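Opening the notebook on a new chain today.

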Amino acid sequence: MAATPPHPTDRPDELAGTPVLVLGGRGYLGRHVCSAFAAAGARVVRVSRGAGGDRDEDGCRTVRLDLAAAGPAELTWLCAGTGARVVVNASGAVWGGDEREMTELNSTLVSRLARAVAEQPGRPRLIHLGSAYEYGPAPPGTSIGEDWPLRPASVYGRTKLLGSQAVLRAAAELGLDAVVLRVSVACGPGAPGNSLPGVVASHLAAGREELRLAPLRSHRDLVDVRDVADAVLAAAVAPAGASGAVLNIGGGTAVPVRELVDTMISLSGLPMRVVEDPALGLTRSDAAWQLLDISRARRQLGWEPRRTLRESLRDLLTDAGVVPPPVARAATASVPLNSHGKDSR
């Protein structure tokens with residue numbers, strides 16, 4: 001049996017001094033990816049539409065560029081000008097965007113980027129953050145592996161799939177050194193306000209006593225955003241044989257979303273009543289079940305999620321200004337997960 005590769009955070013010197021370019025570096029995933037690379041000693045340049053140029057507090061430098069309007073020449077200049085040895089695509093339009101915006105950022109941009117990186121001398125590695133919503137629906141109880149049918153049920157999933165396919169096509173046809181990480185639902189500090197954890201956190205922070213949501217009937221695979229960043233670092237230092245791989249990155253367990261909401265309220269120690277209102281309807285995906293098989297990432301990257309869901313939610317609430325009381329903190333001490341995502345006590 002082959003030895004399991006060391007976890008990326010156990011090899012801090014491997015990325016020291018490495019030039020890293022992160023597209024979407026001010027987004028939810030991108031911010032944590034930038035911080036993780038900077039903590040590992042990499043020289044990080046983040047790309048953002050906002051003002052930039054100076055070194056930020058986390059040690060990363062920001063380059064201003066509207067990626068939606070960036071053509072092939074600009075992307076080629078960006079890669080060459082930064083001398084990046086690792087390029088991370090954490091950009092994209094999420095659920096709040098319209099179909100045109102999703103197509104431009106999730107598909108067209110990715111195709112241009114893949115070609116631009118492939119044309120760089122020295123074969124820099126491209127790590128593309130795809131989505132678990134690229135897969136087709138799965139029956140309850142199913143563990144979704146990388147060979148699961150690619151039949152996305154939403155515009156978001158379809159456009160993300162087109163982007164991932166563009167990267168894999170460039171790897172096969174142009175020799176691009178690339179890894180696609182299909183990420184489940186990320187949570188943790190800084191969760192966006194239009195996500196379910198973000199909505200709950202903002203209501204708790206505002207001291208509201210009632211929260212109206214669409215019916216909470218689904219199960220989702222939740223992974224801490226910092227564990228996602230660790231997976232990106234692991235992909236950056238993986239052997240050359242990893243090129244062209246598709247790897248699932250998730251928490252390894254299916255969480256009832258009602259339990260997610262109830263846990264956040266319990267950790268906050270604040271009173272808030274949840275009303276499930278059928279009139280609100282579904283705003284994202286009507287998929288009832290999501291659970292990723294992450295065994296391939298364990299084997300090929302030596303990666304696995306290290307943070308429990310309760311730890312992730314507690315840190316999210318703290319970041320949002322909802323400080324869990326001492327009793328809740330003591331009751332929610334980190335509990336290791338076994339390989340099946342169950343409490344190992």
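**Ground rules.** I am working on a predicted model, where local features need pLDDT of at least 70, side-chain atom pairs count only at pLDDT 80 or more, and totals for chains, interfaces and linings use all residues. Residues are numbered from 1 along each chain as its sequence is written, and side-chain values use heavy atoms, with hydrogens and water left out.

**Whole chain.** I looked up the inventory: ten helices and twelve strands. Helices here are DSSP runs of H or I with at least four residues, strands are runs of E with at least two, and both are numbered from the N terminus. Of the 345 residues, 54% count as buried, meaning under 20% relative accessible area with a 1.4 Å probe on protein chains only; exposed is over 50%, and partly exposed lies in between. I then took contacts (heavy atoms within 4.5 Å) between residues at least 6 apart in sequence, and 77% of them join residues at least 24 apart.

**Helix α1.** I checked the length of α1, residues 28–39. At 1.5 Å a residue its twelve residues should span 16 Å, and the end C-alpha atoms are 17 Å apart, which agrees. The expected span is 1.5 Å times one less than the number of residues. The buried residues of α1 are Tyr 28, Gly 30, His 32, Val 33, Cys 34, Ala 36, Phe 37 and Ala 38. They pack against β1 (19–23), β2 (43–48), β4 (86–89), β7 (185–187) and α6 (225–236). After α1 I found Gly 41 with a positive phi, near 90°.

**α2 on α3.** The axes of α2 (residues 72–82) and α3 (residues 99–118) come within 9 Å and cross at roughly 50°. That makes α2 oblique to α3. For the record, axes are lines fitted to C-alpha atoms, for helices over the stretch in contact, and angles run from 0 to 180 degrees between N-to-C directions. Under 35 degrees counts as roughly parallel, over 145 as roughly antiparallel, 65 to 115 as roughly perpendicular, and the rest as oblique. On the α2 side I listed Pro 72, Leu 75, Thr 76 and Cys 79, and on the α3 side Leu 109, Arg 112, Leu 113, Ala 116 and Val 117. By class, that contact has seven nonpolar residues, one polar and one charged. Nonpolar covers Ala, Val, Leu, Ile, Met, Phe, Trp, Tyr, Cys and Pro; charged covers Asp, Glu, Lys and Arg; the others, Gly among them, are polar.

**α3 on α4.** The axes of α3 and α4 (residues 155–174) come within 9 Å and cross at roughly 10°. That makes α3 roughly parallel to α4. The classes are eleven nonpolar, six polar and three charged.

**α5 on α7.** I get an angle of about 30° for α5 and α7 (residues 257–268), with axes 10 Å apart. The two are therefore roughly parallel to each other. The contact includes Leu 196, Val 200 and Leu 204 of α5 and Leu 260, Met 264 and Ile 265 of α7. I count ten nonpolar residues, one polar and no charged in it.

**Pro 192.** Where is Pro 192? It lies in the loop between β7 and α5 (196–205). Pro 192 is partly exposed, at a relative accessible area of 31%. Leaving out residues up to four places away in sequence, Pro 192 touches Tyr 28 and Gly 198. Pro 192 and Leu 29 are 163 residues apart in sequence, yet 10.0 Å apart in space, C-alpha to C-alpha.
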